[in-house]
Amino acid sequence: MKRVVAFAGMKLAQYFLSRDQRERGIKVLRKVANFAPRYHYALFHLGWREAEVGHYDEAVAYLKRAVEQSPQNSVYHSFLGLVLCDMGNYAEASKAITVALKLDPNNQLTYNCLAICHLGEGEFTEFADLLEEKGIFESADIQTRILLGLECYRRKHGSNTSEVLS
Amino acid sequence: MQWQVQHLINRGARYIERQEFSRALECFGKAADLCPAAGEIQAYLGETYYLNREYGKALEAFARRDELVLQADNLTPYVEGYRGCILLEQKNYHGASLLLKKAVDRKIKDPEIYYNLGVLLMMEQKLPEAIGMLKKIDQLEPSFYSRKIQKLMEQLRRRVSQNGRATTNPNADSEN
């Protein structure tokens, strides 16, 4: 019964989020997480939504709880790694992504997260080789991070203005 | 009201012919009050101020006219947006921010301008807002991300390999 109520809460949260009512959606997700603290699906979504609004500490806490409740889920580990990359915590991100790869060695999403981690650490060649080998995952969340990572790398390592403007 | 404005403009023109510039200014001034968005009236005002030797006011009137003409032009927010992109590349972040935000506020449909504002937000350490800005591009041009990623990777691969050649053969220039 508890699971059914929690699932209904999830649907309500998704309804608000699909209508760009992010704060309401997050509020409902928090209630679901409090009501059903072991419901990893809610914990995962809440963690991701908290990251979207920049609440990184809360995001990591919820994603870690999701991982604790469902340790075999490679996607949870991958997204935890991605949020840790957003925070600039590449060492921890790398650990999470390594776990995800062990769980599912064929997951393109996870390889893209690993590539983003490489790029954040300034390892452009490793990043580029990995993306060439595994391809780019079809997700705005991943592709926007790749683009921003590339821009950050380009500007950090000295941009040649004439090259850029041509 | 249109006929009233036209009547005032015609009267103003007649006063100019008679060299009665102060009266002409009165007419054009009233016309401008009735129709403040008309660039044409500001042009007449500017001309009359000039003839009346009030050069400062003439320049102000011409500047107002330029602003009105630009505001009415659909391309203006795009031009401002691209100016912002150029300023970003030139590391003029404050100038870039003003122009890019202005362009995006006018709800233009150019992905490159949203992209550059996203990059600027990232440089301002506002990563969630940067990602949100880039995600808007998905609706405008779904192929933008992959095209941009390919282009950036090509540029950076070239630069990395050039740097690699310079590191392995630092005396290349002196030999040549």
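At the start of helix α7 of chain A, a side-chain oxygen of A:Asn107 comes to within 2.9 Å of the backbone nitrogen of A:Leu109. Helices here are DSSP runs of H or I with at least four residues, numbered from the N terminus. This is a predicted model, where local features need pLDDT of at least 70, side-chain atom pairs count only at pLDDT 80 or more, and totals for chains, interfaces and linings use all residues. Residues are numbered from 1 along each chain as its sequence is written, chains are lettered from A and ligands numbered from 1 in written order, and side-chain values use heavy atoms, leaving out hydrogens and water.

α7(A) is mostly covered, with 11 of its 13 residues buried (under 20% relative accessible area with a 1.4 Å probe, protein chains only). Among the buried ones are A:Leu109, A:Tyr111 and A:His118. Just after this helix, A:Gly122 takes a positive phi of about 85 degrees.

Now to the partner chain. 27 residues of chain B are in contact (heavy atoms within 4.5 Å) with 36 residues of chain A. On the side of chain B that touches chain A, the residues fall into these classes:

| Class | Residues |
|---|---|
| nonpolar | 16 residues |
| polar | 4 residues |

Ala, Val, Leu, Ile, Met, Phe, Trp, Tyr, Cys and Pro count as nonpolar, Asp, Glu, Lys and Arg as charged, and the others, Gly among them, as polar.

The rule finds 6 salt bridges across this interface (a Lys or Arg side-chain nitrogen within 4 Å of an Asp or Glu carboxyl oxygen). One of them joins B:Glu89 and A:Arg155, at 3.3 Å from N to O.

Technical notes:
Buried < 20%, exposed > 50% of the residue type's maximum accessible area, 1.4 Å probe, protein only. Helix = DSSP H or I, 4+ residues; strand = E, 2+ residues; numbered from the N terminus. Polar contact = N/O pair within 3.5 Å; in protein donor to acceptor, adjacent residues only side chain to side chain.
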